[in-house]
Amino acid sequence: MSLALGPQVSSVNLTENKYIAPQDKEQENCTGLHTESEGVQTVNNVSAASKPSHPPKLTPKIEQDHNDSCSTNRDTAAQYPSLHFLAAQGEVAKIKEEIDKGANINAVDKTGLTPLAWAAAHRQKATVSLLLQNGADATICSPNGESALAFGTCQGQLDIVEQLLEYGANPNVTTMDGGSPLMFAAYNGYPQMVKVLLEHGADLTATNNEGHTAFSLAVGMGNKNVQRVIDDYLRTILEKPKNHNKTKSES
């Protein structure tokens with residue numbers, strides 16, 4: 001699954017069994033991972049020099065051939081796609097059938113991703129709900145650290161992220177590049193998602209391999225609403241001891 005943070009999102013091409021990047025400019029989601037640019041263009045009058053040289057990213061590419069589906073026969077594979085592809089398509093009814101047949105809901109593909117991760121990466125809210133309610137493990141990560149929560153965050157899917165956190169997803173698991181869900185949200189400019197992640201214990205002090213924190217990424221991208229959320233969160237933390245001491249003195 002080849003994803004980075006920006007205005008586009010990679011999507012699965014079930015005919016070719018690989019990901020392609022659509023050109024829908026209205027989507028505020030992830031762009032293809034591999035970029036030819038060494039820098040990040042200026043946004044919101046923030047100089048390019050202040051920006052991270054590379055966006056935080058999710059690293060693995062999924063380019064499975066048809067032999068990785070339920071059958072080695074191409075026609076049969078297309079007719080009976082794996083649970084991962086059904087999750088990407090949001091085929092809730094077919095997924096229920098597979099679950100009733102005893103399909104392993106936490107099976108991983110060759111990159112270590114679960115059907116839940118595929119559903120989150122493709123914004124399939126109903127599918128995410130179904131999988132979680134039937135025992136999907138929200139804590140599973142690929143060997144490279146990619147998780148359903150990371151993909152859901154990168155996609156800007158607040159409802160999905162809230163569900164995953166409710167089912168125990170760890171907001172502080174990082175990718176090989178040191179990217180965390182909080183960094184993805186901060187970089188992409190999702191203030192409400194940043195707030196939710198912080199409320200569930202996301203670490204503001206964590207740095208990626210380039211030394212950036214979620215806050216520095218927000219500053220570098222000119223995401224002022226995200227900066228305000230982080231400022232408010234820090235202010236709340238700093239004020240808690242004062243309020244506690246005030247209450248004790250008054251008693």
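User: Taking contact to mean heavy atoms within 4.5 Å, which residues is Leu116 in contact with, leaving aside its neighbours within four places in sequence?
Analyst: Val128, Leu131, Leu132, Ala136, Asp137, Ala138, Ala148 and Leu164. This is a predicted model, where local features need pLDDT of at least 70 and side-chain atom pairs count only at pLDDT 80 or more, while totals for chains, interfaces and linings use all residues. Residues are numbered from 1 along each chain as its sequence is written, and side-chain values use heavy atoms, with hydrogens and water left out.

User: Which residues touch the most other members of the largest nonpolar core?
Analyst: Ile95, Leu116, Leu131, Leu164, Leu182, Val194 and Leu197, out of 49 residues in that core. Helix α4 (residues 115-121) gives the largest share of this core, 6 residues. A nonpolar core is a set of buried Ala, Val, Leu, Ile, Met, Phe, Trp, Tyr and Cys residues joined through side-chain atoms within 4.5 Å. Buried means under 20% relative accessible area, exposed over 50%, and partly exposed in between, with a 1.4 Å probe and protein chains only.

User: What share of the protein chain is buried?
Analyst: 45% of its 251 residues.

User: How many helices and strands?
Analyst: The protein chain has 11 helices and 4 strands. Both are DSSP runs numbered from the N terminus: H or I of at least four residues for helices, E of at least two for strands.

User: At what angle do α3 and α5 cross?
Analyst: Roughly 15 degrees, with the axes of α3 (residues 92-100) and α5 (residues 125-133) coming within 10 Å. That makes the two helices roughly parallel. Axes are lines fitted to C-alpha atoms, for helices over the stretch in contact, and angles run from 0 to 180 degrees between N-to-C directions. Under 35 degrees counts as roughly parallel, over 145 as roughly antiparallel, 65 to 115 as roughly perpendicular and the rest as oblique.

User: Which residues meet there?
Analyst: Val92, Ile95, Lys96 and Ile99 in α3 meet Ala126, Thr127, Leu130 and Leu131 in α5.

User: And α8 with α9, parallel or antiparallel?
Analyst: Roughly antiparallel. The axes of α8 (residues 181-188) and α9 (residues 191-199) cross at roughly 160 degrees and come within 9 Å. Pro181, Leu182, Ala185 and Ala186 of α8 make the contact with Met193, Val194, Leu197 and Leu198 of α9.

User: Switching to backbone: what is phi of Arg123?
Analyst: Near 60 degrees, a positive value in a residue other than glycine. Most residues other than glycine have a negative phi.

User: Where does Arg123 lie?
Analyst: In the loop between α4 and α5. Arg123 counts as partly exposed because its relative accessibility is 26%.

Terms used. Contact = heavy atoms within 4.5 Å.
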